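Student: Please take one part of this model and go through it closely: the strand hairpin and the salt bridges around it. I would also like to see how that part sits within the rest of the chain.

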Amino acid sequence: MNIDEFLSYCRSLDIKIWLDGARLRYSAPTERFLTTLRLLLGCLGGIFSAKMSAISLVKKKVILLVGDLENH
């Protein structure tokens with residue numbers, strides 16, 4: 001689930017999410033609190049995983065580049 005899908009799903013459940021300065025705020029019916037939290041953590045986990053994959057790829061490219069430079 002990407003962030004757009006997450007926000008759309010939240011709207012369909014009457015869950016409101018907004019920024020208040022640097023803070024992320026939300027309002028949700030009480031019975032949907034855990035669902036909201038699980039969805040948010042899942043979405044953020046996906047973003048974090050993609051970021052870590054990108055960092056890993058860049059590190060590998062740098063290592064290969066440095067190795068090529070040392071061999072010439």
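Tutor: The answer below starts with the chain as a whole, turns to the hairpin and its salt bridges, and ends with the core and the surface patch.

This is a predicted model, in which local features need pLDDT of at least 70 and side-chain atom pairs count only at pLDDT 80 or more, while totals for chains, interfaces and linings use all residues. Residues are numbered from 1 along each chain as its sequence is written, and side-chain values use heavy atoms, with hydrogens and water left out.

The protein chain has 2 helices and 2 strands, where helices (H or I, at least four residues) and strands (E, at least two) are DSSP runs numbered from the N terminus. Their order from the N terminus is α-β-β-α. The mean pLDDT of the protein chain (the predictor's confidence in each residue, from 0 to 100) is 76, and 88% of the residues score at least 70.

Leu19 has Leu24 in E2 as its bridge partner. The hairpin of E1 and E2 has 2 residues between the strands, and Gly21 takes a positive phi near 70° there.

The structure holds 2 salt bridges, each being a side-chain nitrogen of Lys or Arg within 4 Å of a carboxyl oxygen of Asp or Glu. One joins Asp20 and Arg25, at 3.5 Å from N to O. Asp20 counts as partly exposed because its relative accessibility is 42%, and Arg25 is also partly exposed, at 32%. The cut-offs for relative accessible area are under 20% for buried, over 50% for exposed, and partly exposed in between (1.4 Å probe, protein chains only).

Another salt bridge links Lys16 with Asp14, with the closest N and O atoms 2.9 Å apart. Lys16 is partly exposed at 45% relative accessibility, and Asp14 is partly exposed at 43%. Asp14 lies in the loop between helix H1 (3-12) and strand E1 (16-20). Asp14 also has a positive phi of about 65°, although it is not a glycine.

As for the rest of the chain, 11% of its 72 residues count as buried. The largest nonpolar core has 6 residues: Phe6, Cys10, Leu13, Ile15, Leu39 and Cys43. H1 and H2 are the elements that give two or more residues to this core. A nonpolar core is a set of buried Ala, Val, Leu, Ile, Met, Phe, Trp, Tyr and Cys residues joined through side-chain atoms within 4.5 Å.

On the surface, Tyr26, Phe33, Leu34, Leu37 and Leu41 form a nonpolar patch with about 470 Å² of accessible area together. Areas come from the Shrake-Rupley method with a 1.4 Å probe, and for residues only the protein chains shown count as cover. Patch residues have over 30% relative accessible area and no salt bridge; like charges are joined within 9 Å and nonpolar side chains (Val, Leu, Ile, Met, Phe, Trp, Tyr) within 5 Å. Helix H2 (residues 33-71) gives the most to the patch, with 4 residues. Leu41 is in helix H2, and Leu41 counts as exposed because its relative accessibility is 54%.

Conventions
Pairing = 2+ DSSP bridges.
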